[in-house]
Amino acid sequence: MKDRMLSGIKPTGQLHLGSYIGALRQFVNFQDDFEMVAFIANLHCITVPQDPQTLQKNLRDCVALYLACGLDPKKSIIFLQTDVKEHAQLGYIMCCHTYMGELNRMTQFKDKAAKGEASLSGGLYTYPCLMAADILLYDPKYVPVGDDQDQHVELCRDVAARMNNRYGQELFRLPEAYNPKVGARIMSLQDPLHKMSKSDGINRGCIYLLDPLDEARKKIMTAITDSIGHVHYDPENQPGVSNLMTIMSALSGQSLADIEKDYEGKGYGEFKKGVADVVCDQLNTIQQAYQKVISSDILRDVLEDGARRASAIAGPKLDLVQRAIGMEILDR
Ligand code: TYM
């Protein structure tokens, strides 16, 4: 039997090159060797305020992009988090087994709180508990994610181990985060010391998978580099160039050393053009597949079938946990 992998994406905005290289592409690459469970984390989306119409569009686009990027619903289990009610219920149980001290240490929440953002929700604070539930319901061996999610997976392991210990049985398998070898953290094109992220759109630091190709090209051609003028992988001193090299390497399969060799003695203009060609080529393939998916009516079937298969795993797991805790009184 194949081992299982599980991951999810929270489309609070459109999917971008970071989520593709750090996560989605891995789901696709591993779906032959693992049983891949890939969901759309719509409960996580509402931890920050959302415009209902935009959220709906982003969710639909996210499913379509899963398929367009090559996830095969015959091999992988693809579903919307809210279609499998066990996520929210185990999420609450996880909250009751997580200490506030642990949640206080989560850097994603700390960063937002440190920025002095007003009205942070309780959902945002307890988010890692729901994420732990998302994972533990399915006993995956690996959780393919970008490295910004490693801390959440670590917390998930801690809470799982605590519950296994407290209730004296192997309720959960302890999962491991799995980061891609190249591209575990794609940086903003305009601020290469910070991660490329959905909220980066305005300043052209973020390439969305559905960006018009000429716009994507422009974003790369205007990416921040440095005055050293040498295509060399050195994230500390040349973060912008190193980030572009990482993107190129992740998408083309070329090693960083080969990229350095190819561009030896050449200027950044030529290098950026090379990166833009690779990126646009990839986006073009994805966008053509996306158009086909979005104009068909397969999304409903994919999501219904995925939810049915996911529920068949999540239901018995929640039942096992509730029994172990002593919450169930009827035989079912
Ligand atoms: P989210 O939606 O922020 O990001 C989705 C995935 O993309 C990765 N990623 C990146 N990787 C490299 N470079 C970047 N710039 C970049 N930006 C995003 C993220 O690491 C992630 O793997 N909490 C999760 C969603 C989630 C989840 C889960 C993931 C909910 N439940 C259970 C795994 C298992 C999140 O907000 O990802």
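Ile9 stands opposite Ile40 in strand 2, where two strands are taken to pair if DSSP finds at least two bridges between them. The model is predicted, so that local features need pLDDT of at least 70 and side-chain atom pairs count only at pLDDT 80 or more, while totals for chains, interfaces and linings use all residues. Residues are numbered from 1 along each chain as its sequence is written, and side-chain values use heavy atoms, with hydrogens and water left out.

Strand 1 (residues 4-9) and strand 2 (residues 35-40) run parallel and are joined by six bridges. Arg4 also stands opposite a residue of strand 2, namely Glu35. Five of the six residues of strand 1 are buried, so this strand is largely enclosed by the rest of the structure. Here buried means under 20% relative accessible area, exposed means over 50%, and partly exposed lies in between (1.4 Å probe, protein chains only). Strand 2 is likewise mostly covered, with five of its six residues buried.

In the protein as a whole there are 13 helices and five strands. These elements are DSSP runs numbered from the N terminus, helices being H or I with at least four residues and strands being E with at least two. Helix 4 (residues 86-95) contains Tyr92. Tyr92 counts as exposed because its relative accessibility is 57%. The C-alpha atoms of Tyr92 and Leu130 are separated by 7.2 Å, although the two residues lie 38 residues apart along the chain.

Along its principal axes the C-alpha trace spans about 75 × 45 × 40 Å. Of the 332 residues, 50% are buried. Among contacts (heavy atoms within 4.5 Å) between residues at least 6 apart in sequence, 76% join residues at least 24 apart.

The protein exposes about 15,600 Å², of which carbon and sulfur atoms supply 51%. Accessible areas come from the Shrake-Rupley method with a 1.4 Å probe, and for residues only the protein chains shown count as cover.
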